Amino acid sequence: MSKALGYRAFGGPEVLEFFDRPDPSPGPSEVLVRVAAAGVNPLDHVLREGLIPAMNGHVPFPQVLGMEAAGTVLAVGDDVSGLAVGDRVAGLALTFAGTYAETTLLLGAATTRVPDGVPETWAATIPVAGTTALDVLDQLGLPAGASLLVNGIGGGVGIAVAQLARDRGLVVTGTASAGKRELVTGTGARFVDYAGGDVVERLRALAPDGFDGVVDTVGGESLRAVAAVAAAPEALVSVGDPSVAELGGVPVRRRLERAGIERVAALMAGGRLDPHVTGVYPLARAQEALALVESRHAVGKVVIDPRL
Ligand SMILES: NC(=O)c1ccc[n+]([C@@H]2O[C@H](COP(=O)([O-])OP(=O)(O)OC[C@H]3O[C@@H](n4cnc5c(N)ncnc54)[C@H](OP(=O)(O)O)[C@@H]3O)[C@@H](O)[C@H]2O)c1
């Protein structure tokens, strides 16, 4: 049996409860993993609330929180190649087994070995935020020297986009709240406080012809505001708000496959990406970790370490 945090009905934080479950057995395309770290993402509370029925409306209760993890392989499904028992891995739990747990099932096709030197607490942030950053930059395909605005640069996706963009030679500007100034400038990006007066006017002053690319991680009114500073409508990509299409922009196209996780892991191993893990919570306090992310103002990434 292993401990897990989940819910027996959709709702707010009050529906969360711990329960014991038998170790799930891997299907042909899955791997069973002892979780060393689970990434906490905004999607987790969105799914808890039942806001995307197409994703988890069909999943039986109790549902366990969490879509990504790093850990050690305990068993490998028959159709999974390239992974063996004992490997240190990171991957996506598109299996919906949930990763706020001592053990989970990851999807073999979206799981890879973690290079030596990359701690599990970092590796657990790759499958969702890390590869989203990779996908959005590949999608924009900007050349070195181009200008990039990251709206919401101080969160999990934003801080990864900032570093991977700099690595590609882009000139990065980012919006965040005042407390994140040092975090942002530490990546080499220009910092713009989104609460310090007319943000669009100040962004226009920095890029009078518009930014060659704009990556939005915030959505809503904030997305609508920064749309005005994209050099062209199609240069605007949102990772979280599909209504970007109404502005002429495009949602991020996600690839959800092993190759992207491998690429980001290699960048981490090479010292080119620090996910800025600012909170590591034991499983017993996973609700606090989720509440922090649900506040929409977490710094960098928050992870759960069930070994604590
Ligand atoms: N499509 C996908 O596969 C995919 C993958 C990952 C994430 N996402 C989505 O992308 C979004 C971001 O994810 P995340 O993991 O980066 O979330 P996160 O870590 O919570 O970061 C969100 C950031 O938004 C900032 N923010 C809030 N209001 C803002 C405003 N008005 N202007 C500028 N920044 C603002 C916050 O920073 P401050 O504290 O500075 O306000 C926070 O750092 C979520 O909607 C998530 O569901 C989608």
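Author: Rings of Phe, Tyr and Trp pair if their centres lie within 6.5 Å. This model is predicted.

Reader: How many aromatic pairs does the structure hold?

Author: Two numbers describe a pair of aromatic rings: the distance of the centres and the angle of the planes. With the 6.5 Å limit on centres, the count for this structure is three.

Reader: Is the pair of Tyr-7 and Phe-10 stacked, edge-to-face or tilted?

Author: The ring centres of Tyr-7 and Phe-10 lie 6.2 Å apart, with 45° between the planes. Stacked needs under 30 degrees and edge-to-face over 60.

Reader: Is Tyr-7 buried or exposed?

Author: Buried means under 20% relative accessible area. Tyr-7 has 2%. Therefore Tyr-7 is buried.

Reader: What kind of pair do Phe-10 and Phe-61 form?

Author: Their centres are 5.0 Å apart and their planes stand at 70°. Over 60 degrees counts as edge-to-face. So the pair of Phe-10 and Phe-61 is edge-to-face.

Reader: How many residues apart are Phe-10 and Phe-61?

Author: Phe-10 is in the loop between strand 1 (2–7) and strand 2 (16–21). Phe-61 is in the loop between helix 2 (53–56) and strand 4 (63–64). The pair links distant parts of the chain, with a separation of 51 residues.

Reader: Which residue has its charged end over the ring of Phe-19?

Author: A charge over a ring must be within 6 Å of the ring centre. Here the distance to the centre of Phe-19 is 5.3 Å. The residue is Arg-8.

Notes:
Residues are numbered from 1 along each chain as its sequence is written. This is a predicted model: local features need pLDDT of at least 70, side-chain atom pairs count only at pLDDT 80 or more; totals for chains, interfaces and linings use all residues. Side-chain values use heavy atoms; hydrogens and water are left out. Rings of Phe, Tyr and Trp (its six-membered ring) pair if their centres lie within 6.5 Å; planes under 30 degrees apart count as stacked, over 60 as edge-to-face and the rest as tilted. Buried means under 20% relative accessible area, exposed over 50%, partly exposed in between (1.4 Å probe, protein chains only). Helices (H or I, at least four residues) and strands (E, at least two) are DSSP runs, numbered from the N terminus. A charge sits over a ring if NZ of Lys or CZ of Arg is within 6 Å of the ring centre and within 35 degrees of the ring normal.
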